[in-house]
Amino acid sequence: MKRIYVAGILLLIAIGLCVAEYVSVRNCTDEYTNRIDKIELMVESDNMKKAAFAARETEKNWEETINIIDMLLFHDYVDDIGRNLAKLESYIEKEELAEFFATCEEAKEQLRSLEESELPVARNVI
């Protein structure tokens with residue numbers, strides 16, 4: 001009987017860790033999606049210096065976040081997002097707005113995909 005209790009406790013711990021990991025990834029993706037939205041608004045309001053600074057800070061923060069998140073997720077997704085965030089500042093400084101907005105949309109789509117890949121659905125398990 002003790003084995004069943006131990007197995008149940010281990011199952012609850014595993015479920016708890018999975019939920020905590022999903023919540024952490026969701027919060028991270030929401031935060032960076034909001035940051036990208038704010039940078040887009042700054043560019044739209046022609047506040048390029050502030051937008052470039054915000055893009056640089058977002059990239060730096062992503063590099064710090066990646067140390068924690070990278071051990072939980074598929075590395076290629078995380079690296080692709082980082083590459084797109086790194087491009088934002090240069091697009092703002094060169095005023096290549098079409099590329100800037102396209103890269104923002106691509107990064108937000110990658111963040112959404114990252115969050116969806118952590119959902120406990122059959123297509124993610126198989």
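The dialogue below reads selected features of a predicted model.

Biologist: What kind of model is this, and which residues count for local features?

Modeller: The model is predicted, so local features need pLDDT of at least 70, side-chain atom pairs count only at pLDDT 80 or more, and totals for chains, interfaces and linings use all residues. Residues are numbered from 1 along each chain as its sequence is written, and side-chain values use heavy atoms, with hydrogens and water left out.

Biologist: What average pLDDT does the chain have?

Modeller: pLDDT is the predictor's confidence in each residue, from 0 to 100. Here the chain averages 89, and 96% of the residues score at least 70.

Biologist: How is the span of a helix read, and what does helix 2 reach from its first C-alpha to its last?

Modeller: The expected span is 1.5 Å times one less than the number of residues. With 22 residues, helix 2 reaches 30 Å from first to last C-alpha, close to the expected 32 Å. Helix 3 (residues 75-93) has 19 residues and reaches 29 Å, close to the 27 Å expected.

Biologist: Which residues of helix 2 are buried, and what do they pack against?

Modeller: Buried means under 20% relative accessible area, exposed means over 50%, and partly exposed lies in between (1.4 Å probe, protein chains only). In helix 2 the buried residues include Met48, Ala51, Ala52, Trp62, Ile66 and Ile69. Contact means heavy atoms within 4.5 Å. The buried residues of helix 2 pack against helix 1, helix 3 and helix 4.

Biologist: Which residues are buried in helix 3, and what covers them?

Modeller: Among them are Val78, Ile81, Leu85, Leu88 and Ile92, together with Asn84, Glu89 and Tyr91. Their cover includes helix 1, helix 2 (48-69) and helix 4.

Biologist: How many salt bridges does the structure hold?

Modeller: A salt bridge is a side-chain nitrogen of Lys or Arg within 4 Å of a carboxyl oxygen of Asp or Glu. The structure holds eight. In one of them, Glu40 pairs with Lys108, with the closest N and O atoms 2.9 Å apart. Glu40 lies in helix 1 and Lys108 in helix 4, so this pair ties together parts that are 68 residues apart in sequence.

Biologist: Are Glu40 and Lys108 buried or exposed?

Modeller: Both Glu40 and Lys108 are buried. A network of salt bridges links Asp37, Glu40, Glu105 and Lys108. Asn34, also in helix 1, is 74 residues from Lys108 in sequence, yet their C-alpha atoms are 9.2 Å apart in space.

Biologist: Where do the salt bridges of Glu57 with Lys60 and of Arg112 with Glu109 lie?

Modeller: Glu57 and Lys60 are three residues apart in helix 2, which means a separation of about one helical turn; their closest N and O atoms are 3.9 Å apart. Glu57 is partly exposed at 28% relative accessible area, and Lys60 is partly exposed at 44%. Arg112 and Glu109 both lie in helix 4, three residues apart, about one turn of the helix, and their N to O distance is 3.0 Å. Arg112 is partly exposed at 37%, as is Glu109 at 43%.

Biologist: Which residues make the nonpolar surface patch?

Modeller: Patches are made of residues with over 30% relative accessible area and no salt bridge; like charges are joined within 9 Å, and nonpolar side chains (Val, Leu, Ile, Met, Phe, Trp, Tyr) within 5 Å. Accessible areas come from the Shrake-Rupley method with a 1.4 Å probe, and for residues only the protein chains shown count as cover. Val6, Ile9, Leu10, Ile13 and Leu17 make a nonpolar patch of about 490 Å². Val6 belongs to helix 1 (residues 2-44) and is partly exposed, with a relative accessible area of 47%.

Biologist: Where do Asp46 and Glu95 lie, and what is the phi of each?

Modeller: Asp46, which is not a glycine, has a positive phi of about 60° and lies in the loop between helix 1 and helix 2. Glu95, in the loop between helix 3 and helix 4, has a positive phi near 55°. Asp46 is exposed at 60% relative accessible area, and Glu95 is exposed at 55%.

Definitions and conventions
Helix = DSSP H or I, 4+ residues; strand = E, 2+ residues; numbered from the N terminus.
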